[in-house]
Amino acid sequence: MVLAPSDLPRTRGTRFTDVRWYAEVDSTNCLAADLVRSGVPEGLVVVADHQTAGRGRRGRSWEAPPASSLLVSVVLGLPIDHAPHLVTVACALAAADACADVAGFAPGLKWPNDVVVGERKLAGVLAEIPVPGAAVVGLGLNVRWPGPMPAHLEPIAVTAESVAGRPLDTRQLLDAYLVRLEARCADLADAQAVVALMGDYRQRCVTLEREVEIELPGGGIWAGTATHVHDDGSLQVTSDAGSRRVMAGDIVHLR
């Protein structure tokens, strides 16, 4: 279904005027990317109650029962001279903002693209570039779980309702997320706006000052203290063996 402005009252005046909500899709990112390739412009929002082939970073699957998560992908313009990490950062911050607005708690951000409560994952963000100048950015946010969470997920995942201690309206979370995202993406082509965006990210990044171990994309492990997130999104990790800027990798907080 296509949502009317009255369904998401706070989004009036934003770029997000084309919101399409599906009962089930293979992946909101895949569907949004296909629509972008067909000519749909910036501002498209694809939402689903369930994904049959949801994806996370590095091809991992996203596991969630139907109607348990906010599964949403947005199409954003991407200035050629700026890296895709900026829209990922903007979406992660907007998700944290929306949780504060609607659920009354402020989650942290784990480098590079997770929204967390303590050490447990609340949401993940995945950005893709289907055509030059446009990014599709997907968010999967755990809202609730029907019954007990599976034993293999309990130590590593958390839902917004369990943190808030009350039922939450997924549509209200979507409304707040899009409004907050509009503000975060207001001017990503402006250097000062990028500095402010990355400054907010660093303030909320729970990876900084932690001992970490990173499995690098090309193989190998780099361990040390996470000391800084640069404006290009890279993480500075320092150890007795030296200091290294890491652009991507699977990270574990050691302590």
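**View 1. The side chains of Ser-73 and Thr-28 form a polar contact at 2.7 Å.** A polar contact is a pair of N or O atoms within 3.5 Å; within protein, one must be able to donate a hydrogen and the other to accept it, and residues adjacent in sequence count only if both atoms are side-chain atoms. This is a predicted model: local features need pLDDT of at least 70, side-chain atom pairs count only at pLDDT 80 or more, and totals for chains, interfaces and linings use all residues. Residues are numbered from 1 along each chain as its sequence is written, and side-chain values use heavy atoms, without hydrogens and water.

**View 2. Ser-73 sits in strand S3, residues 69-77.** Strands are DSSP runs (E, at least two residues), and helices are too (H or I, at least four), numbered from the N terminus. The protein has 12 strands and five helices.

**View 3. Is Ser-73 buried or exposed?** Ser-73 is buried because its relative accessibility is 1%. Buried means under 20% relative accessible area, exposed over 50%, partly exposed in between (1.4 Å probe, protein chains only). Of the 255 residues in the protein, 51% are buried.

**View 4. Ser-73 touches residues from several parts of the sequence.** Among them are Asn-29, Ala-32, Leu-44, Val-46, Val-137 and Gly-138. Residues up to four places away in sequence are not counted. A contact means heavy atoms within 4.5 Å. Across the protein, 63% of the contacts with a separation of 6 or more join residues 24 or more positions apart.
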